[in-house]
Amino acid sequence: MTNEHWTLRTDTTSYTVRLSPDGPWAELDAWGPHGCEDGPSAFDWSRRTHFLTSADAAPAEYLPYGMRPFTGSDLVASRSGRERGVWWEFAGAEETEGSLRLAFTDDVLGLRTVLCYVTVPGTDVVLRWTEHTCTGGGPLRLERFDSAAVNVPAPDGVRLTYLAGQWSQEFQRTQLDLRRGTFTMGSVQGVPGHAYAPWLAVQDRTAPQDGPSPAYGVALEWAGNWHITAEAEPGGAVRVRAGRVPHEGAVLLTPGDTLTTPRLACAFSPDGLDGLASVQHRYGRRLSGERLHRTRKVLYNSWEATGFDVDAAGQLDLAKAAADMGVELFVVDDGWFTGRTDDTGGLGDWYPDPKAFPEGFETFVAEVRALGLDFGLWVEPEAVSPGSRLHSEHPEWVYRIDDRPARLVRNQLLLDLGREDVQDFVVGTLDRLLTTYDISYLKWDMNRPPTERGRPGAGPADRTDLDAAHVTGYLRVLDHLRTAHPHVTVEGCAGGGGRVDHATLARTDVVWPSDNTAPLDRLRIQFGFLHAHAPHVMSSWVTDAPGVFDPRPRSLAFRFVTAMCGVLGIGADLRAWNPEQRAEAARWIARYKEVRDVIHHGEAHLLGTPDDATCGVQYDAPDGTRAVVAAFSTGRLDGAPLVPGRAARLRLRGLDPAARYHAPHTGAAYTGVHLLHYGLPFTWTARHDAELVELVRQ
């Protein structure tokens, strides 16, 4: 029996790994607040393995098929013509401050696997991934190569919280109890997708819904195909595996090559889902790096006002109206380039339409900027229209399979961004646009998944890793944008929230959670989004869109306060707004500018849920001097109480109970203990269904 173990420490948590006494593998010994590693491990078990192997019952950090044959392996590898399976031996550890590498080798198969761990300063996140190297004389076939496995003690099962939905209904917080069996989610659409976000939270099944309790979270840093699988295993434990999914079902690893899996961000909080969200937000701010301190400007986007009917005169009318209200950035969406009168043409030919901009696009941009506005542009670099000049010149650049029909989705095809020549074309196109015109904002969209995903002439299909190649190309282009055009703000979008993952968030400034901007629908989308991602990356617009899934009307104030919970934008047709609406919008924009630093950099607390009649989001300034509360009435607004009624209240969190807080816009004053115990009062009416309250500590 070996006593080798290692402890990684984050700000407030410990993650302890040990070599198993039962075999050559690593297993989790403890994960939780500092000191939890002192004492008997919560993962110790009886060693009774009727009809199982010890490896199947162990809280293993990572184990291959062969050693763990029955209850969910993390790696499946083989050589051509040989049985699947890995039987490795421990080959040593490398430990430095905040990092750990554990190596295992199978000399018969010819494989070296290294389990990698790194703590993230300023957070309670441990990053995990694996590195697989082919050490034999022939190629290895990897059918599964997860990034990591996470173990959670669960004597009576766990509650899983995940973000599910569909296009226009992304990020719906969904929960289920898992006592035995398997839960899995993922995407094979070439992007994380609209159906599930690559994030999962795990709590004890009996934990309170809203309050302190241990909460464990995982999030996969991958912009392609993926899965997260939770398995309630024999013996009272739940094991979560996560990783990317190869498009062709397997990847061939040639001698001497190393495959590095995507990173898995593993987070812990003792304060339930709200505390776990704070950990995720701190990590999200780390991903942004220095770009975190870039002011996210109030934007106007013309799509919902004009659609494909884009011309200089109409866009300038909208820009003038937006500037008068205090907007800081004007973004021209789809329809600005040659051949783009509808969604059947133009993609790939990224030149401004001279008919739409008769004085020249450069003149148009200058006129927008003369209004005091920055200028932004929409692009969809991965897409191509069949009738475009690009497609006629380079039909080999699209995904296709020989002798099979090419399927159109949204009347377009998808470029094979895994090809270096396609990457060079996209880089050259974006460089040309960003250097020719005074553009400070770029919205990158992607509106169709890869279907006939083949690359004729590239050799045997089962020897190409097209999904990883596309992701690598996508990230290469984004990395180029960050270095070559550091002043440009980049927004990530994929038909709404189809590509929201840590790899994208590390290279963009904001992301677009959904194409659905209806008020109550959007509130629910953002409530889920904020469980996994920080407010400073959440782009949100005020529009006139009616409700899709919840059609109940809400006020313009409700729409503004909802959009102010992240990065404020406007997408309504301002030409149809009357003077009163424009004046109200100007007031909200001014309010937002007063508090956006708190919203984007403060600690956020989710107060209740959209299922409650009153819910909200609280943002606390890092220095504790201010708090901002966005509050919403989600209940019925018709009628009036027939019996004496009282104000609705939201109990705030994290305030100093001994301090006093002043609301400058209302003149009200409260003690911290009152706001924590009774809550902030709101009196809702049919005309007053949302409110933004700033509280200044006195």
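**Entry 1: helix 2 and helix 10**

I looked up how helix 2 (residues 272-288) and helix 10 (residues 519-532) meet: their axes come within 6 Å and cross at roughly 70°. Axes are lines fitted to C-alpha atoms, for helices over the stretch in contact, and angles between N-to-C directions run from 0 to 180 degrees. Helices here are DSSP runs (H or I, at least four residues), as strands are (E, at least two), numbered from the N terminus. Helix 2 and helix 10 are therefore roughly perpendicular to each other; that term covers 65 to 115 degrees, while angles under 35 count as roughly parallel, over 145 as roughly antiparallel, and the rest as oblique.

I noted that Leu273, Ala277, Gln280 and His281 of helix 2 meet Leu530, His531 and Ala532 of helix 10, where contact means heavy atoms within 4.5 Å. The residues of this contact comprise four nonpolar, three polar and no charged. Ala, Val, Leu, Ile, Met, Phe, Trp, Tyr, Cys and Pro count as nonpolar, Asp, Glu, Lys and Arg as charged, and the others, Gly among them, as polar.

**Entry 2: the model**

I recorded that this is a predicted model, in which local features need pLDDT of at least 70 and side-chain atom pairs count only at pLDDT 80 or more, whereas totals for chains, interfaces and linings use all residues. Residues are numbered from 1 along each chain as its sequence is written, and side-chain values use heavy atoms, with hydrogens and water left out.

**Entry 3: helix 7 and helix 8**

I found that helix 7 (residues 420-436) packs against helix 8 (residues 466-484) at an angle of about 30°, with the axes 10 Å apart. That makes helix 7 roughly parallel to helix 8. Their contact includes Val427 and Leu430 of helix 7 and Arg476 and Leu481 of helix 8. I listed its residues by class as six nonpolar, three polar and four charged.

**Entry 4: buried and exposed residues**

Which residues touch the most other members of the largest nonpolar core? In that core of 194 residues, they are Leu200, Trp336, Phe364 and Phe560. A nonpolar core is a set of buried Ala, Val, Leu, Ile, Met, Phe, Trp, Tyr and Cys residues joined through side-chain atoms within 4.5 Å. Buried means under 20% relative accessible area, exposed over 50%, and partly exposed in between (1.4 Å probe, protein chains only).

I placed Arg596 in helix 12 (residues 579-601); Arg596 is buried, with a relative accessible area of 12%. Pro40, in the loop between strand 3 (26-33) and helix 1 (54-57), counts as exposed at 78% relative accessibility.
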